Structures are given as structure tokens and as C-alpha cells.
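Here's a quick look at one chain, from its overall build down to a couple of residues. Have the viewer open as you read.

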Amino acid sequence: MRYEPMSRRTALISALTGAILAIAGLVARPTNITVAVILFLLAVMALGLAAYGALERLVTRNQRPR
């Protein structure tokens with residue numbers, strides 16, 4: 001099985017999902033703090049996944065294939 005880095009599309013979808021969840025957390029904050037905290041945690045997870053994908057592509061781009 002050959003290792004393949006995360007695709008740009010997957011990283012972009014993760015970033016957009018994180019941004020949407022962060023905005024939803026800001027909207028939910030005045031009414032329900034528990035829901036807002038959960039949404040913010042999910043947003044951090046999605047944005048972290050997107051950052052991992054971007055860094056992974058940056059690192060693997062400079063390596064020669066074997």
C-alpha cells in the first residue's frame with residue numbers, strides 16, 4: 001500500500017468546516033454556552049486537520065520520489 005498525502009480538496013473542506021463551526025459557536029454563545037463550547041472544540045479539530053494537511057503537502061512537495 002502506497003502512502004499518499006491528504007488532498008487539497010480534503011484540506012479545504014476541513015478548513016471551511018472549521019470556519020463554519022467557529023461562526024456557529026459565536027452565534028450560539030449568547031444562548032447556550034455548552035453548545036458553543038462543543039462547536040468551538042469541533043472547529044479547532046477541523047482547523048487542526050486542515051493545517052496538518054497543508055503542512056503535509058508542503059513537506060512532501062520538496063521530497064524526491066524514490
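Which residues make a nonpolar surface patch of about 350 Å²?

## The patch

Tyr3, Leu49 and Tyr52 make it. Patch members need over 30% relative accessible area and no salt bridge, and nonpolar side chains (Val, Leu, Ile, Met, Phe, Trp, Tyr) are joined within 5 Å. Tyr3 sits in the segment before helix 1 (8-28) and is exposed, at 55% relative accessible area; exposed means over 50%, buried under 20% (1.4 Å probe, protein chains only).

## Ground rules

This is a predicted model: local features need pLDDT of at least 70, side-chain atom pairs count only at pLDDT 80 or more, and totals for chains, interfaces and linings use all residues. Numbering starts from 1 along each chain as its sequence is written, and side-chain values use heavy atoms, leaving out hydrogens and water.

## Overall build

You get two helices and zero strands (DSSP runs: H or I of at least four residues for helices, E of at least two for strands). The C-alpha trace spans about 55 × 20 × 15 Å along its principal axes.

Of the 66 residues, 21% count as buried. Take contacts (heavy atoms within 4.5 Å) between residues at least 6 apart in sequence: 62% of them join residues at least 24 apart.

Glu56 belongs to helix 2 (residues 33-61). Glu56 is buried but has no salt bridge, meaning a Lys or Arg side-chain nitrogen within 4 Å of an Asp or Glu carboxyl oxygen. Arg57, the nearest side chain of opposite charge, is 7.3 Å away. Leaving aside residues up to four places away in sequence, Glu56 touches Tyr3, Pro5 and Met6.

Technical notes
Lys and Arg count as positive and Asp and Glu as negative; His and the chain ends are not counted. Patches are made of residues with over 30% relative accessible area and no salt bridge: like charges are joined within 9 Å, nonpolar side chains (Val, Leu, Ile, Met, Phe, Trp, Tyr) within 5 Å. Accessible areas come from the Shrake-Rupley method with a 1.4 Å probe; for residues, only the protein chains shown count as cover.
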